[in-house]
Amino acid sequence: RGDPIPNEELVDFEKYILGVVYAENGGGPAEAVKVQAIAARSFELVRPTQMGGAANIKLEQQNGQWILQIRNCVEDQVYCDPDRGCSLNSPTTGSNYVTVYSGENTHPYRYKGPLPADSELRKAVADVAGVLALDSDGNVILTPYTSEDQNAWNSMANSGMDYTEIMLSHYGGKVAQ
């Protein structure tokens, strides 16, 4: 709905991307995880314009810092704090009304624990930090995805494709930092 989650803090954007990948496709192969990170980053940077300010989704400057206000839900992207883990207010993540809270024991249903500092997931996401999906004019493109897309990325990565090949076959355009 766009309402702030009580006691949630502002999160660095790259940490947010890691948390989205952890929540949504954290068990995938490294090249698919990289695709997820690029898609999540590109999606969130285009989302405020696409939504036109609806649901309080916006990108604005406050005190000299850019703040991206988004929703932590299955309608947008689900974030799980990679350093603290996360918990849910419901036993399933499939509902549009499930809220994911930072901290693995803050709500009745544990979703994920903290991600180890030396995890391969952290390394894969760091490898593509700042990388975006762009159109032929250099504009960031909207990169929506579903679990079916994530499954396809996992399959393509398992067949030997790298993240650039997967991104280009899925979205077209180009991939650039």
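Student: Leaving aside its neighbours within four places in sequence, which residues is isoleucine 17 in contact with?

Tutor: Keep in mind that this is a predicted model. In it, isoleucine 17 touches Ala37, Ala40, Arg41 and Val125, once neighbours within four places in sequence are set aside. Isoleucine 17 is also one of the buried residues of H1.

Student: Which other residues of H1 are buried?

Tutor: Among them are Tyr16, Leu18, Gly19, Val20 and Val21. Further along the list you'll find Tyr22, Ala23 and Asn25.

Student: Now the core. Which residues touch the most other members of the largest nonpolar core?

Tutor: The core has 36 residues, and the ones with the most contacts to other members are Ile17, Val21, Leu121, Val125, Tyr145, Trp153 and Tyr171. At least two core residues come from each of H1, helix H2 (30–51), strand E3 (86–88), helix H3 (120–127), helix H4 (147–158) and helix H5 (163–171).

Student: How is a pair of aromatic rings described?

Tutor: You give the distance of the centres and the angle of the planes. The whole structure has five aromatic pairs. For tryptophan 153 and tyrosine 171, the ring centres are 6.5 Å apart and the planes meet at 55°, so we call the pair tilted. Tryptophan 153 belongs to helix H4 and tyrosine 171 to helix H5, so their pairing ties together parts 18 residues apart in sequence. Ring pairs also join Phe43, Tyr145, Trp153 and Tyr171 into a cluster.

Student: Is tyrosine 171 buried or exposed?

Tutor: Buried, because the cut-off is under 20% relative accessible area and tyrosine 171 has 18% relative accessibility. Tryptophan 153 is buried too, at 0%.

Student: What about serine 159, buried or exposed?

Tutor: Exposed: the cut-off is over 50%, and serine 159 has 58% relative accessibility. Serine 159 sits in the loop between H4 and H5, and its side chain reaches the backbone oxygen of methionine 156 at 2.7 Å.

Student: Last one: which ring does the charged end of lysine 112 sit over, 4.9 Å from the centre?

Tutor: The ring of tyrosine 22. Lysine 112 also lies over the face of tyrosine 111, 5.5 Å from that ring centre.

Technical notes: Residues numbered from 1 in each chain as written. Predicted model: local features only at pLDDT ≥ 70, side-chain atom pairs only at ≥ 80, totals over all residues. Heavy atoms only, no water. Buried < 20%, exposed > 50% of the residue type's maximum accessible area, 1.4 Å probe, protein only. Helix = DSSP H or I, 4+ residues; strand = E, 2+ residues; numbered from the N terminus. Core = buried A, V, L, I, M, F, W, Y, C linked by side-chain atoms within 4.5 Å. Contact = heavy atoms within 4.5 Å. Phe/Tyr/Trp six-rings, centres within 6.5 Å; stacked < 30°, edge-to-face > 60°. Lys NZ or Arg CZ within 6 Å of the ring centre and 35° of its normal. Polar contact = N/O pair within 3.5 Å; in protein donor to acceptor, adjacent residues only side chain to side chain.
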